[in-house]
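Try each task before reading its solution.

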Amino acid sequence: MPPTRPQLEQDRIAAAYRDLERRKVTEKIVTQYVDRVRVVREKAKEIVRNVYVQVPADACPIDGSFRILHDRATGLQAGAVPDAAGRTDATPVDVATAAATVAENAGFDAVEIHLGHNYLPSSFLSPNLNKRKDCYGGSLKNRLRFPRRIIDAVRGAVDDRVAVVAKLNMADGVEKGLWLEESLQFASMLEADGQLDAIQLTGGSSLLNGMYFFRGDVPMEEFIATQSKVVGWGMRVMGHKIFPEMPFEEAFFLPFARQFREALTMPLMLLGGINRRDTIEGAPDEGFELVALARSLLREPNLPHQMRD
């Protein structure tokens, strides 16, 4: 039986990353699974956004009861999102395990499960967004149930061959959103599960407060330039609410992260405005095993080598 088109695309991703490794373009790679699942088409990317979950309200179903439905961003119809095997009834958990398997086959050393920024798993954790009345809403245990299923499935797919870390919101940065009182308990529950090798500590909401995890000047004109005319007009009117002005400070999440370091024993990753060498070198003194860089690497991709040398 010939391979399906989605499987060929997955294989193309893996081959591309293996080629990067052979060329020594990168040494240690960590890839993220976000609920906006990324599948290659032509240039190696097709973004499937805005995944919705349908769950019977009177039961706590097994994974098979989750279905990826309609994708507003790409216009795909309900049930039209294929997984790596070409199935159109794939669940978010199915897609997560498929993504982890592709990453492992491509030679990645770790996979990161995104439980932050109010994407799908994070929206279950947030009291501001999760208004469910079934076994996926209400108590902390219920709200963590779906993210736990993703974590368990990904760990089952890669076992101990690949490190599994999670990016967890400490705070949503919005009114009535997730706050330290609950996020610390979520982190403790995940530590007790023993499925994660580390937690990366973040915050903010891509839906409601994107500047909470960016800080600094708001590139509103640049955002608008990437959108359609209608969306761009809306951003001019309402963009200041989604992207409020928030001053940039070096290591701006450190005060929150210290509270997690005090409460947990597992490895933790510090991120948020880390641009200076002294911040990186001081992280172990604060008890953090790892630091995460993003914008500084966009500006200077060779920065770690420069610091090392």
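The model is predicted.

**Exercise 1.** Decide whether strand S6 (residues 198–203) is buried or exposed, face by face.

*Solution.* 
Step 1. Recall the pattern: in a regular strand, side chains alternate between the two faces of the sheet.
Step 2. Take one side of S6. Ala198, Gln200 and Thr202 lie there, and they are buried.
Step 3. Turn to the other side. Ile199, Leu201 and Gly203 are buried too.
Step 4. Conclude. Buried means under 20% relative accessible area. In S6, 6 of the 6 residues are buried, so the strand is largely enclosed by the rest of the structure.

**Exercise 2.** Find the strands that pair with S6, and trace the link from S5.

*Solution.* 
Step 1. Start with strand S5 (residues 163–171). It runs parallel to S6, joined by 6 bridges.
Step 2. Pick a bridge. Lys167 has Gln200 of S6 as its partner.
Step 3. Look for another pairing. Strand S7 (residues 268–270) is parallel to S6, with 2 bridges.
Step 4. Return to Gln200. Its bridge partner in S7 is Met269.
Step 5. With S5 and S6, H5 makes a right-handed β-α-β unit.

**Exercise 3.** Describe how helix H4 (residues 140–158) packs with H5.

*Solution.* 
Step 1. Read them off. The axes of H4 and H5 come within 11 Å and cross at roughly 45°.
Step 2. Classify the angle. H4 and H5 are therefore oblique to each other.
Step 3. The crossing of H4 and H5 is right-handed.
Step 4. Name contact residues. H4 contributes several, including Leu140, Leu144 and Ile151; among those of H5 are Phe186, Met189 and Leu190.

Note on methods
Residues are numbered from 1 along each chain as its sequence is written. This is a predicted model: local features need pLDDT of at least 70, side-chain atom pairs count only at pLDDT 80 or more; totals for chains, interfaces and linings use all residues. Side-chain values use heavy atoms; hydrogens and water are left out. Buried means under 20% relative accessible area, exposed over 50%, partly exposed in between (1.4 Å probe, protein chains only). Helices (H or I, at least four residues) and strands (E, at least two) are DSSP runs, numbered from the N terminus. Two strands pair if DSSP finds at least two bridges between them. A crossover is right-handed if, with the strands pointing away from the viewer, the path from the first strand over the helix to the second runs clockwise. Axes are lines fitted to C-alpha atoms, for helices over the stretch in contact, and angles run from 0 to 180 degrees between N-to-C directions. Angles under 35 degrees count as roughly parallel, over 145 as roughly antiparallel, 65 to 115 as roughly perpendicular and the rest as oblique. A crossing is left-handed if the near helix is turned anticlockwise from the far one by less than a right angle, and right-handed if clockwise. Contact means heavy atoms within 4.5 Å.
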